[in-house]
Amino acid sequence: MVNTVLIAGASGLVGAAAVDAFLEDGWDVVAVSRRKPEVFSGRPFQHVAVDLQDEMASKSVFSGIRGVSHVVYAAVFEKPGLIAGWTERDQMQTNLAMLQHLIEPLANDAALEHVTLLQGTKAYGIHLHPMRIPARERHPRDQHENFYWLQEDCLKEKAGQRGLRYTIFRPQLVVGPNYGVVMNLPPVIGAYAAVCREEGRPFSFPGGVPYVWEAVDTRLVAHAIRWAATTPEADGQHYNLTNGEVFSWRDLWPAMAEVLGVDVGPDEPLRLAEFLPARADVWRRIVDRHGLRPISMAELLGESHYYADFCFAYGASEPPPPAFVSTVKIKQAGFCETHDTEESFRYWLQVLQNRKVLPPAR
């Protein structure tokens, strides 16, 4: 019998990769998103367009879907400007409501077995205060308001009522090809490089003080989700996810410059959240000249330019607190995939070029 997975937020960074991962393994896939996900697989899948904020529309749609054995919840609501919204109550309540609008009708079907939920390092309070290094899943819940906790408590309650299995992942800085999303850096970096080349500027690092990061390739996240779906050891567990190494942006910059066909220059602090939108006309010329997809600067960036300023520490005079997480737990459980972070960025930038979202190198 073929399992059926429903993936919410299927056009997003993790969602689209999860569609591919489950299709590769022969699953039936129901992809839920307002626009159809762009995937690599040639296998057919069902696409359902619904706004998860609309309770009545969600109930109508999901009450009519039967036979879903697994749910991957990768949808998220973020407010304009991104960062400030992380501490605002309406952002949290909206994310809780979206999960409820999906889970409540689906949980009425006896076929549902397992739900995957996504969190991140905000679970450890890194957006509010320094966190323990490394952050481990066994540490007590950080006591701050966060939609993660609202969603997690909702899921645990539903799992207790229905006997559902569930797994929660905490990926760190996910890297993939999706544009127009809330937190993905390759389209932002690619657009910045293209504008620099168009204006005769060097491709300078636009951030602030140097500090060390971790990231995770979206393929690794998707494969971990697929692994957990049918792995009993993953039931009821939280798992951190990274590529398995650390990096600094300045050390990554030359490799990305090579792929993008630009020359690295000396550091030049720039607020990309201002710099890039102000060059919408420049981007339009680039699109026309290279025959790219007719995607506007705003459509390309989503809210990710705000995330870029956050990640690059723009305006910071001293390094932000480190955000290192341990991935020992998931490796001990049997999932041991790793990625070279430099190659992850290179790969996804090239995918964006191949898809005619970014211009080719010289």
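**Close-up views of a predicted model**

The structure holds 20 aromatic pairs; rings of Phe, Tyr and Trp (its six-membered ring) pair if their centres lie within 6.5 Å, with planes under 30 degrees apart counted as stacked, over 60 as edge-to-face and the rest as tilted. This is a predicted model, in which local features need pLDDT of at least 70 and side-chain atom pairs count only at pLDDT 80 or more, while totals for chains, interfaces and linings use all residues. Residues are numbered from 1 along each chain as its sequence is written, and side-chain values use heavy atoms, with hydrogens and water left out.

**View A. The aromatic pair of Trp227 and Tyr239.** The two rings are edge-to-face, 5.7 Å centre to centre and with 65° between the planes. Trp227 belongs to helix 6 (residues 218-229) and Tyr239, twelve residues apart from it, to strand 11 (residues 237-241). Helices (H or I, at least four residues) and strands (E, at least two) are DSSP runs, numbered from the N terminus. Lys329 lies over the face of Tyr239, at 5.4 Å from the ring centre; a charge sits over a ring if NZ of Lys or CZ of Arg is within 6 Å of the ring centre and within 35 degrees of the ring normal.

**View B. Arg35 and Tyr179.** The charged end of Arg35 sits over the Tyr179 ring, 5.7 Å from its centre.

**View C. An aromatic cluster that includes Phe247 and Trp249.** Other members of this cluster include Tyr192, Phe203, Trp253 and Phe345. Phe247 counts as buried at 8% relative accessibility, and Trp249 counts as buried at 3%.

**View D. The largest nonpolar core.** This core has 52 residues, and Leu185, Trp249, Trp283 and Phe312 have the most contacts inside it. A nonpolar core is a set of buried Ala, Val, Leu, Ile, Met, Phe, Trp, Tyr and Cys residues joined through side-chain atoms within 4.5 Å. Helices that each supply at least two residues of the core include helix 5 (186-199), helix 7 (249-260) and helix 13 (341-354). Helix 5 gives the most, with eight residues. Among the residues that Leu185 touches are Leu173, Ser304, Tyr307 and Cys311, not counting residues up to four places away in sequence; contact means heavy atoms within 4.5 Å.

Terms used. Buried means under 20% relative accessible area, exposed over 50%, partly exposed in between (1.4 Å probe, protein chains only).
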